[in-house]
Each structure stands twice: as C-alpha cells, then as structure tokens.
Amino acid sequence: MNPVFIKSFLQSRFSGVLPANGLGQYIDISAQESLIPLLRRPIALYQYEQRVASRLGYTWKVAPHHFMRCKDGYIFASVVEEHQWSRMVEVMGNPDWGRDDRFRDGPSRLEHWNVLEPLLGGWLLQRTKDEVLQETQAQGIPFAPVNTVKDLMDSPHLQARDFFAEVNDREDGPVTMPGVPYKFSVTPPLAPQPAPRLGEHNREVFCDLLGYSKCELVKLRETGII
C-alpha cells in the first residue's frame with residue numbers, strides 16, 4: 001500500500017498526531033473488542049429500551065456441544081475430545097454415571113443427550129458462569145460464558161481496557177458506546193462521537209466536499225431541497 005496514503009489516512013483518523021521520529025509503533029488490537037461493534041443492534045436495544053436480545057442454538061454431531069443453564073445464566077460447552085470429557089468428569093467429582101457405557105464417546109453422548117443433559121445440569125445449576133469457567137478452563141476444558149450485552153458492559157476485562165466510552169448526545173444525554181478495538185503506543189485515536197443529526201454536516205458535505213458556496217447552501221435549505 002502507498003505509504004503516502006497510509007500517512008494521510010492516519011492523519012485524518014488520529015488528529016495528525018504521528019510519531020515525530022518516523023518510526024513504527026506498537027499496535028494493541030483486541031479480538032474481542034473487534035467483534036463487539038457487530039452487536040450494534042443488541043447494544044442499541046439495551047441502551048435505549050433496557051431489553052436483552054435473545055439467541056438460538058444448534059446441535060452438533062457429538063456431545064456436550066451445547067448451551068446449558070447455570071445458576072446465573074447460560075454457558076456453552078464444546079467438549080468434543082475424549083480427554084476433555086475425562087477431565088470434565090473429574091472436575092464434577094467422578095460421579096458413577098460418568099462410567100456409564102451410554103456416555104463412552106461423543107456420538108454416544110449425543111444419542112443419549114436426553115439422559116446426560118439433566119445429569120450435567122445438576123452440577124451446572126449449583127454454580128455461576130464464572131465458577132464453571134474457573135473450574136473447567138483450569139483443566140483445559142472448553143467452556144465459554146453466554147454473555148448478555150449487560151455482561152459485556154459490566155466486563156472487568158473491557159473496563160480495564162477502557163473500551164466503552166461515554167458520549168454526550170445533545171438530545172439523549174450521556175450514552176455509552178463501543179470504542180476502538182486497537183491501541184497505538186503513541187498515536188491516540190479520536191474519541192467516539194454521537195451519531196450525526198439530520199443535516200448536521202450539510203456545510204462540510206456541500207461546501208467543503210462538493211464546492212457549493214454558503215449562499216447556495218442557504219438557497220438549498222430555503223427551497224426545501226435539503
């Protein structure tokens with residue numbers, strides 16, 4: 001890519017604050033933060049109506065590869081390898097049913113999922129999502145929390161990275177919005193801005209970009225064209 005273009009892009013995006021020595025800089029990019037803006041509708045729904053969006057699941061060819069309920073919500077288990085299942089049985093205290101031939105491998109566990117699910121549920125429902133994660137991930141067992149938008153906005157990890165930013169909307173007041181998922185060691189990113197109002201940037205668009213005069217802009221407004 002043209003280095004002149006890169007420099008121009010960075011100057012336009014980051015207030016012209018570039019390293020004076022011309023050297024590169026360390027870029028800290030978060031995979032989680034890069035994905036969160038894809039939740040723009042659920043985040044807006046929670047922000048403005050305090051509603052939490054729902055989700056759907058699916059069944060794979062082995063089990064457990066399911067969403068399951070804990071004490072305070074749902075968690076996803078992807079125990080697809082036999083050594084993971086053995087560790088999971090150990091974490092649960094080696095119950096007698098863990099040696100049941102119906103649960104000897106992934107396909108068999110899926111075939112008898114209607115029997116296995118309540119057995120796992122008896123253990124999960126006694127624990128919070130965080131407690132399950134602490135116990136299973138310490139043993140290399142793939143579990144992940146099913147986070148609501150509220151969980152994300154309360155996440156200690158995201159708070160520690162200052163990901164969410166408060167923007168003062170002129171009509172709606174303070175609104176929490178996702179920030180940028182990357183951090184440069186030298187160049188600070190632009191602060192998030194509220195969504196533009198209808199016609200808010202007419203002068204920048206018509207005059208600065210399209211070359212209209214201010215008088216022409218006034219006429220466009222007076223005639224109702226804009």
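Author: Pro64 sits in the loop between helix H3 (40-49) and strand E2 (65-70). Helices (H or I, at least four residues) and strands (E, at least two) are DSSP runs, numbered from the N terminus. The model is predicted: local features need pLDDT of at least 70, side-chain atom pairs count only at pLDDT 80 or more, and totals for chains, interfaces and linings use all residues. Residues are numbered from 1 along each chain as its sequence is written, and side-chain values use heavy atoms, leaving out hydrogens and water.

The peptide bond leading from Ala63 into Pro64 is cis, with omega near 0 degrees. Gln50 is also placed in the loop between H3 and E2. Its phi is near 55 degrees, a positive value in a residue other than glycine. Most peptide bonds are trans, and most residues other than glycine have a negative phi. Gln50 counts as exposed, at 54% relative accessibility. The classes run as follows: buried is under 20% relative accessible area, exposed is over 50%, and partly exposed is in between (1.4 Å probe, protein chains only).

Asp162 also has a positive phi near 55 degrees, and it is not a glycine. Asp162 belongs to the loop between H9 and E5. It is exposed, with a relative accessible area of 62%.

Now the salt bridges. The term means a side-chain nitrogen of Lys or Arg within 4 Å of a carboxyl oxygen of Asp or Glu. By this rule the count is 13. One of them joins Arg161 and Glu33, with the closest N and O atoms 2.4 Å apart. Arg161 lies in the loop between helix H9 (156-160) and E5, and Glu33 in helix H2 (residues 31-35), so the pair ties together parts 128 residues apart in sequence. Both Arg161 and Glu33 are buried. Asp28, Glu33 and Arg161 are linked in a network of salt bridges.

On to the strand that follows. E5 (residues 164-169) pairs with E6 (residues 173-178) in the antiparallel sense over six bridges. Two strands count as paired if DSSP finds at least two bridges between them. A hairpin of three residues joins E5 to E6. Phe164 stands opposite Pro178 in E6.

Next, helix H10. Asn202, Phe206 and Cys207 are buried in H10. Seen down the helix axis, the buried residues of H10 fall within an arc of 80 degrees, so they line one face. The arc is taken over the directions from the helix axis to the C-beta atoms. H11 is included in what covers these buried residues of H10. The face turned away from the buried side carries the exposed residues Asp208 and Leu209.

Arg203 makes a salt bridge with Glu204 at 3.5 Å between the closest N and O atoms. The side chains of Asp208 and Arg203 also meet in a salt bridge (3.5 Å, N to O). Arg203 is partly exposed, at 40% relative accessible area. Glu204 is partly exposed too, at 29%.

Just after H10, Gly211 takes a positive phi of about 85 degrees. Tyr212 is in the loop between helix H10 (202-209) and helix H11 (214-222). It is partly exposed, with a relative accessible area of 35%. Val205, Leu209, Leu210 and Tyr212 make a nonpolar surface patch of about 400 Å².

Note on methods: Patches are made of residues with over 30% relative accessible area and no salt bridge: like charges are joined within 9 Å, nonpolar side chains (Val, Leu, Ile, Met, Phe, Trp, Tyr) within 5 Å. Accessible areas come from the Shrake-Rupley method with a 1.4 Å probe; for residues, only the protein chains shown count as cover. Contact means heavy atoms within 4.5 Å.
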